[in-house]
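Subject: Structure for your files

Hello,

Here is the structure I said I would pass on. My notes on what was found in it follow below.

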Amino acid sequence: EYNPTIETSISHTKKVLNGDTLIAETKEISKDGKSALYNINITNQNNIEIAYFKGKVYRTKKEWFPNK
């Protein structure tokens with residue numbers, strides 16, 4: 001589904017180094033009929049937090065790629 005963002009924020013907590021492998025873990029905090037809130041934690045291969053993202057989306061029933 002296509003869900004445009006209402007609000008987003010990101011905090012960069014550590015420097016990313018060349019060769020780092022980044023892993024993103026998403027947690028759905030809340031979801032109702034019209035919106036959803038997500039937290040995404042980005043870590044490197046040593047499980048050190050690199051960034052933290054928070055996003056709120058408006059939920060629609062529109063397809064992201066309707067022609068596929």
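A contact here means heavy atoms within 4.5 Å. Among contacts in the chain between residues at least 6 apart in sequence, 48% join residues at least 24 apart.

Two points on conventions. This is a predicted model, in which local features need pLDDT of at least 70 and side-chain atom pairs count only at pLDDT 80 or more, while totals for chains, interfaces and linings use all residues. Residues are numbered from 1 along each chain as its sequence is written, and side-chain values use heavy atoms, with hydrogens and water left out.

Overall form

The chain has four strands and zero helices, where helices (H or I, at least four residues) and strands (E, at least two) are DSSP runs numbered from the N terminus. Along the sequence the pattern reads β-β-β-β. The radius of gyration of the chain is 15 Å, well over the 11 Å that the globule rule gives for 68 residues, so the chain is more spread out than a compact globule. That radius is taken over C-alpha atoms, and the globule rule is 2.2 Å times the number of residues to the power 0.38. The C-alpha trace spans about 40 × 30 × 15 Å along its principal axes.

Surface and charge

Of the 68 residues, 19% count as buried; buried means under 20% relative accessible area, exposed over 50%, and partly exposed in between (1.4 Å probe, protein chains only). The accessible surface of the chain comes to about 5,600 Å², and 50% of this belongs to carbon and sulfur atoms. Those areas come from the Shrake-Rupley method with a 1.4 Å probe; for residues, only the protein chains shown count as cover.

There are 11 positive and 8 negative side chains, with the centres of the two sets 4 Å apart. Lys and Arg count as positive and Asp and Glu as negative, and His and the chain ends are not counted. Each charge is placed at NZ of Lys, CZ of Arg, CG of Asp or CD of Glu.

Strand pairing

Two strands pair if DSSP finds at least two bridges between them. Strand β2 (residues 23-31) pairs with strand β3 (residues 35-43) in the antiparallel sense over eight bridges, and a hairpin of three residues joins β2 to β3. In this pairing, serine 30 stands opposite leucine 37 in β3. Strand β3 is also joined to strand β4 (residues 49-58), antiparallel, by nine bridges; here asparagine 39 stands opposite lysine 54 in β4.

The hairpin of β3 and β4 has five residues between the strands. Asparagine 47 lies in that loop and has a phi near 60 degrees, a positive value in a residue other than glycine. Most residues other than glycine have a negative phi. Asparagine 47 is exposed, with a relative accessible area of 62%.

Serine 35 lies in β3 and counts as buried at 15% relative accessibility. Leaving out residues up to four places away in sequence, serine 35 touches Ile6, Ser30, Lys56, Val57, Tyr58 and Arg59.

Threonine 8 is in strand β1 (residues 5-12) and is partly exposed, with a relative accessible area of 43%. With the exclusion of residues up to four places away in sequence, threonine 8 touches Phe53, Lys54 and Gly55. Threonine 8 and isoleucine 40 are 32 residues apart in sequence and 11 Å apart in space, C-alpha to C-alpha.

Regards
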